[in-house]
Amino acid sequence: MRKRLEPVALERERCAASGSSSSGAAAAALDADCRLKQNLRLAGKGPAEPRRAADAGMQRALGRRKGLWFRLRKILLFVLGLYFAIPFLIKLCPGIQAKLIFLNFVRVPYFIDLKKPQDQGLNHTCNYYLQPEEDVTIGVWHTVPTVWWKNAQGKDQMWYEDALASSHPIILYLHGNAGTRGGDHRVELYKVLSSLGYHVVTFDYRGVFFLLRVATNLVRRLCERETPPDALILESPFTNIREEAKSHPFSAIYRYFPGFDWFFLDPITSSGIKFANDENVKHISCSLLILHAEDDPVVPFQLGRKLYNIAAPSRSFRDFKVQFIPFHSDLGYRHKYIYKSPELPRILREFLGRAERERQH
């Protein structure tokens, strides 16, 4: 520092000496020149400090980047560990997969009182409960035909039960997994069916027996007892649980995982969960209608078509109508919005009317 200041001091002395020997404007000009040189020399000593500040800033930025990369690497390792752990967890604990299939712990929509179906616009519906087994209670909604809407106001359960003896057909609606009988799309379907003059009886979701996808199991049993229903309607059905599980969007990340069948599919069937619609339809002796949207993201359209191709040539249907109604993907009905189709009332009316005539013959 001292060495840097010595030239400045010498310059000051030189300027002072020249100032004493000159006079007037010449002395002032020389003094200004000396000050300019002095300022330039003083300014030339500063760049080291900003350079050190810049280096410190770069080090802090690099430190932040290293910390971010370290956190990302930890997250990545955790996700990879979880990805490889899940197949082993499901294999060792098949009950987990059963829960994921039934989803009967998912109670959507939330914040609705199932004891009050009128809150969902079902003013001609009675809520009551059945107890098929000890410590098992199942919630039921019974919606009468829309033409009885006024008569149904304020009526009790006994009135609704007596109403089932009328000439109006009864539709037993077995909804799919997850949610309750109060699901929005389900409520809208009840309204459609009721407007067509049908009683609609729907059960709360309990387990395997009360799945729309295994309505074929119930109808098969009724047919084997020689008490078949007039007709069976399947909305967005699959062939069997193995094919559906392999096609479900949730399985996409594991579909090509080594040992996929052993890890995921074998535990399902070993637990007795089969949903063998493709086998059940071979033993059904009543009219069958299959409805399926081409853009269904949950149950692929080709599975519904495949089920129809299995049922149509079956000998059990030789005296009954088997019909498959596709809904174009442009309509956007996907998995659960077929009720929006303006053609649905006509399709149901024609099919069920024909099924009733076939049963009478």
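Helices (H or I, at least four residues) and strands (E, at least two) are taken here as DSSP runs, numbered from the N terminus. With that in hand, let's take a walk through the chain. What you have is a predicted model, where local features need pLDDT of at least 70 and side-chain atom pairs count only at pLDDT 80 or more, while totals for chains, interfaces and linings use all residues. Residues are numbered from 1 along each chain as its sequence is written, and side-chain values use heavy atoms, with hydrogens and water left out.

Strands of a sheet pair through backbone hydrogen bonds, either parallel or antiparallel. Here you'll see an open sheet of 3 strands in the order β5-β6-β7, with parallel pairing (two strands pair if DSSP finds at least two bridges between them). At the edges sit β5 (231-235) and β7 (322-327), each pairing on one side only. From one strand to the next, the twist averages 15 degrees. Look at β5 and β6 (residues 287-293): they run parallel and are joined by 5 bridges. Glu 235, for instance, stands opposite Leu 291 in β6. Helix α12 (residues 344-360) packs on this sheet and touches β5, β6 and β7, where contact means heavy atoms within 4.5 Å. The direction of α12 makes about 165 degrees with that of β6; axes are lines fitted to C-alpha atoms, for helices over the stretch in contact, and angles run from 0 to 180 degrees between N-to-C directions.

Now for what's tucked inside. A nonpolar core is a set of buried Ala, Val, Leu, Ile, Met, Phe, Trp, Tyr and Cys residues joined through side-chain atoms within 4.5 Å. Buried means under 20% relative accessible area, exposed over 50%, and partly exposed in between (1.4 Å probe, protein chains only). The largest core has 31 residues, and Leu 232, Leu 234, Ile 284, Leu 288 and Phe 317 touch the most other members. Helix α7 supplies the largest share of this core, 4 residues. Beyond its neighbours within four places in sequence, Leu 232 is in contact with residues including Val 219, Ile 284, Leu 288 and Phe 351.

Finally, the charged pairs. Side chains of opposite charge can pair when their charged atoms come close. A salt bridge is a side-chain nitrogen of Lys or Arg within 4 Å of a carboxyl oxygen of Asp or Glu, and the count comes to 9. In one of them, Arg 220 meets Glu 224, with the closest N and O atoms 3.0 Å apart. These two are 4 residues apart in helix α7 (residues 215-224), so about one helical turn separates them.

Other bridges reach between helices. Asp 261 in helix α9 (residues 260-270) and Arg 242 in helix α8 (residues 241-247) are 19 residues apart, yet their side chains meet at 4.0 Å, N to O. Asp 261 also bridges to Lys 246, at 3.7 Å between the closest N and O atoms. Lys 246 is partly exposed, with a relative accessible area of 35%. Through shared partners, salt bridges join Arg 242, Lys 246, Asp 261 and Asp 266 into one network.
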